[in-house]
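Visitor: I have a structure to look at today. Could you help me learn to read it?

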Amino acid sequence: LLDGGVLGLTVLGSSVTLRVAREYKHMGGTQNVTGSVVSDGRIRAASARDATVRIRKHIFLPNYIDMDLKHLLASSLVLSRLLYNCALWNVLTTREHRIVNSPYRSMYRVMCNRVNTDGRNFSDDGVLKLVKVPRLSTILRIKQLKYAIRMVLHGPIVLKALIVSMLYVEG
């Protein structure tokens, strides 16, 4: 039973006590006992915003800078911080998606000069279509699928057997 961060188990007839952390840093991300990425998402979103704060109006805003260069900088400065190891995330809740999506959305709004302060109120999807990039949820799903494929191709044989057995049960 989980009681105050302590898990009591019986293993091979012996009683074992494990301490369970509610959150811990692991491989570049904050892991949560519930699987939530809220705290990790906030850290990543802040890091992604901080990476562009000083250059935003000089690089992303001007129309004379090529959009391909803006995409390249956005990918290296923002997406790399925001999406590092995201293939391991669970399906995001609405709240988690809003937190992680915020710097992605605002960066592209600035890139195409479509901030909602001028009364034109462009939708997020409209802005993403303008700059020809997919939704963040699409990027996350692609990364998760690629990770799953890598695990099946290069992972342990037990994992392959588990996935194959799941396919027969579900399909």
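Visitor: Is aspartate 125 buried, partly exposed or exposed?

Guide: Aspartate 125 is partly exposed, at 33% relative accessible area. Buried means under 20%, exposed over 50%, and partly exposed in between (1.4 Å probe, protein chains only). This is a predicted model, where local features need pLDDT of at least 70 and side-chain atom pairs count only at pLDDT 80 or more, while totals for chains, interfaces and linings use all residues. Residues are numbered from 1 along each chain as its sequence is written, and side-chain values use heavy atoms, leaving out hydrogens and water.

Visitor: Which residue meets aspartate 125 in a salt bridge?

Guide: A salt bridge is a side-chain nitrogen of Lys or Arg within 4 Å of a carboxyl oxygen of Asp or Glu. Here the partner is arginine 135, at 2.6 Å from N to O. Arginine 135 is partly exposed too, at 46%.

Visitor: How many salt bridges are there?

Guide: The count is four. Among them, aspartate 124 pairs with arginine 109 at 2.8 Å and with arginine 105 at 3.7 Å. Arginine 109 is buried at 7%, whereas arginine 105 is partly exposed at 27%.

Visitor: How is a pair of aromatic rings described?

Guide: By the distance of the centres and the angle of the planes. Rings of Phe, Tyr and Trp (its six-membered ring) pair if their centres lie within 6.5 Å; planes under 30 degrees apart are stacked, over 60 edge-to-face, and the rest tilted. The count here is one aromatic pair. The ring centres of tyrosine 104 and tyrosine 108 are 5.1 Å apart with planes at 75°, so the pair is edge-to-face.
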